[in-house]
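Biologist: Hi! Could we go through this model together?
Modeller: Happy to, here it comes.
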Amino acid sequence: MEADISRAILRGYAEKFEECLDLDLAVVGAGPSGLLCAYYLAKAGRKVAIFESKLAPGGGIWGGAMMFNEVVVQNEAIPFLDELEVRYQRVNENLVRTDSVELAACLIYRAVNAGARLFNGVTVEDVIFREDRVQGVVINFTTILLNNLHVDPLSVRARAVLDGTGHGAELTARVARKAGIKLETPTGGLLGEKPMWVEVGEKATVENTKRVYPGLYVSGMAANGVFGSARMGPIFGGMLLSGKRAADLILEELQRES
Ligand code: 48F
């Protein structure tokens, strides 16, 4: 029995991982924007995997605000809540509120159930960069990195990579530090995140969801970190709209290329 359990787990993981060595989209970070983007790509029949450095996917959703586990969503993003079957209650004519645990759970479930593969405990530490284009991700187990062990990573090819790493835009920041790489931003680098301004941040996170280098896209708070806009706190409509916009842009690009 013991050996059967181990064999089942090893084979299951190996099969899942092998299927994902050559992807249409690698989503880096399982926050709201990355999860929703992965859901739409998987729903469109694309091969997509999500790499999340923490044990639990869901990013900044779970704790709501200051651990009050509720978040608000504005009217424009309610169709996503309906599609994901997240329940909500009206706050005023513009806003609804929802249980943050339910939102996180539904986003994760819908993305995986639509066919996206999710690898938790896996950190994207770099990108594959060939012929002036981002062409995949370089991954390692987070435990290896946390323990500072000198262990080489593995790589996964992807036709598109989405940086959904949240505040700090960790992946794009890493790419921008590489010699000779200039991002498609006004300065060629990251503009950095601004302090809180809810309306501005919410609008900007959607507008800033775009390609930052051939093969590399940004969504959610990473988009505002790259293009220099405000944070917005526990309002999640912008994150969902950003995830959908990323999916539309990436699907369009994939279709153009094929
Ligand atoms: O920050 P996060 O939730 O992403 P988001 O879609 O949403 C932001 C909101 O949660 C909130 C907000 C809303 O108004 O401001 O903050 O921008 O999730 C980002 C995920 O990326 C993971 C990280 O653990 C988190 O779960 N992550 C960060 N760096 C890496 C990574 C990495 N190098 N590799 C893999 N995962």
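Biologist: Which helices and strands each supply at least two residues of the shell around the ligand?
Modeller: Helix 2 (32-43), strand 2 (48-52), strand 7 (122-130) and helix 8 (220-227) each do. Helices (H or I, at least four residues) and strands (E, at least two) are DSSP runs, numbered from the N terminus. This is a predicted model, where local features need pLDDT of at least 70 and side-chain atom pairs pLDDT 80 or more, while totals for chains, interfaces and linings use all residues. Residues are numbered from 1 along each chain as its sequence is written, and side-chain values use heavy atoms, without hydrogens and water.
Biologist: How many residues surround the ligand?
Modeller: There are 27, and the closest are Ser33, Glu52, Gly60, Met221 and Gly233. Strand 7 gives the largest share, 3 residues.
Biologist: New topic: how many salt bridges does the structure hold?
Modeller: It holds 17, each a side-chain nitrogen of Lys or Arg within 4 Å of a carboxyl oxygen of Asp or Glu. One of them joins the side chains of Arg7 and Asp4 (3.1 Å, N to O).
Biologist: Where do Arg7 and Asp4 lie?
Modeller: Both are in helix 1 (residues 2-19), 3 residues apart, about one turn of the helix.

Key:
Near = heavy atom within 4 Å.
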